[in-house]
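Visitor: I would like to learn how to read a structure like this one. Please take me through it feature by feature.

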Amino acid sequence: MGNPLVSDYIESVLLECECFSKNWEKVCHQIDQSAPPENQVLSLVLPIPERSGTILFSETSGYSSPYQSLATLKNDKTIHNFLDYAALSHALKRFSCFGAKAMPLVNLRSVLFPVGRARNASWINPLMIEQLEEKGPFTQIQLINGLTIEVAASSQSICTRAEAALSVLSMIERDYLIAGKTGPHSPLDVLRLPDTPFARSMSRKPLLQKFPLPIRALRTAYEQEYALQTPLRFGHTIEGLDWIHESFHTLPTE
């Protein structure tokens, strides 16, 4: 049996990310633990509150995992073609325009940004957001597919993370998919923003008016970080060696 269509069970449903509810019970009942669908863009990755496990929503279907959200995304990274998260995070931290926390997870088609604690955050695709509405200390995020989630974060914080995530996505797409020495003039020339209230507000944000880094700068930094971390992936299997990331991170890269 294939994964059920998202529209079959989440239309107009509100999922609160801080507490388990009847809506959560309904969604969990509809989704079986199964292999992730291939060639599907993820819309949303949600830890199940007060329970173990994670539910992932793609464009048209959903599936579940027994692991925390970041571990699930790392386990499935080859299916979703994500760049290496540790290498990308360290690459982004080389520059001053993306902050030092809440780094996005990116492939060549889409991006997810985290809300909540890093290891078990909710991960949201900004291109799938319809609109935001603050409700006291919480923000309700309505997605294009009709699902609404409620998170313990301000709308300003969500917009800031979404802006940075879309900027990173635009540079990854520019650096890897577009030939030539100059490339497009702005992120808006690269991104395929939907016609939603949220996307229209994002299109006016400073990081989407011009690229904060020269062409190929992020790609070069990422590939250097990936090369530096390669020994770390295999070091634990080499007897007598204790690989420490900080030691490799400080090595010269030229």
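Visitor: Which residue in E7 does Phe 113 stand opposite?

Guide: This is a predicted model. In it, Phe 113 stands opposite Ile 124 in E7.

Visitor: What lies between E6 and E7 in their hairpin?

Guide: Six residues lie between the strands of that hairpin. Gly 116 takes a positive phi there, near 115°.

Visitor: How many bridges pair E6 with E5?

Guide: E5, residues 105-106, pairs with E6 over two bridges, in the antiparallel sense. Val 106 is the residue opposite Val 111 in E6. These two strands also form a hairpin, with four residues between them.

Visitor: Where is Ser 110 placed, and is Ser 110 buried or exposed?

Guide: Ser 110 sits in the loop between E5 and E6. A residue is called buried when its relative accessible area is under 20%. Ser 110 counts as buried because its relative accessibility is 6%. Leaving out residues up to four places away in sequence, Ser 110 touches Val 41, Leu 105, Asn 125 and Leu 169.

Visitor: How should I read the two faces of a strand?

Guide: In a regular strand, side chains alternate between the two faces of the sheet. Now take E6. Val 111, Phe 113 and Val 115 are on one side, and Leu 112 and Pro 114 are on the other. Both faces are covered, as these residues are all buried.

Visitor: What is the pairing in the open sheet of four strands?

Guide: The pairing there is mixed, and the order is E1-E10-E9-E8. Its edge strands are E1 (14-16) and E8 (129-135), each pairing on one side only. From one strand to the next, the twist averages 20°. E8 and E9 (residues 138-143) run antiparallel and are joined by six bridges. Glu 134 stands opposite Thr 139 in E9.

Visitor: Which strands does helix H5 touch?

Guide: H5, residues 155-177, packs on the sheet and touches E8, E9 and E10 (148-151). Its direction makes about 150° with that of E8.

Visitor: How do I find out where there is empty space?

Guide: Rolling a probe the size of a water molecule over the atoms shows where empty space is left. Here, the largest pocket has a volume of about 470 Å³. There are 22 residues lining this pocket, and the closest to its centre are Leu 70, Lys 74, Tyr 85, Ser 89 and Ala 118. Helices H2 (69-75) and H4 (85-93) are the elements that give two or more residues to the lining. H4 gives the largest share, four residues.

Visitor: What classes of residue make up the lining of the largest pocket?

Guide: The lining has 13 nonpolar, two polar and seven charged residues.

Visitor: What is the volume of the second largest pocket?

Guide: The second largest pocket has a volume of about 380 Å³. Its lining has 15 residues, and those closest to its centre are Cys 17, Glu 18, Pro 47, Arg 117 and Asn 120. By class, eight are nonpolar, three polar and four charged.

Visitor: How many helices and strands does the chain have?

Guide: The chain has eight helices and ten strands. Of its 254 residues, 46% are buried. Among contacts with a separation of 6 or more, 58% join residues 24 or more positions apart.

Definitions and conventions. Residues numbered from 1 in each chain as written. Predicted model: local features only at pLDDT ≥ 70, side-chain atom pairs only at ≥ 80, totals over all residues. Heavy atoms only, no water. 1 Å grid on protein atoms, 1.4 Å probe; cavity = no way out; pocket = protein on both sides within 12 Å on 5 of 7 lines; lining within 4 Å. Points joined across faces, edges and corners; volume = space filled by probe spheres on them. Nonpolar A, V, L, I, M, F, W, Y, C, P; charged D, E, K, R; others polar. Buried < 20%, exposed > 50% of the residue type's maximum accessible area, 1.4 Å probe, protein only. Pairing = 2+ DSSP bridges. Contact = heavy atoms within 4.5 Å. Axes fitted to C-alpha atoms, helices over the stretch in contact; angles between N-to-C directions.
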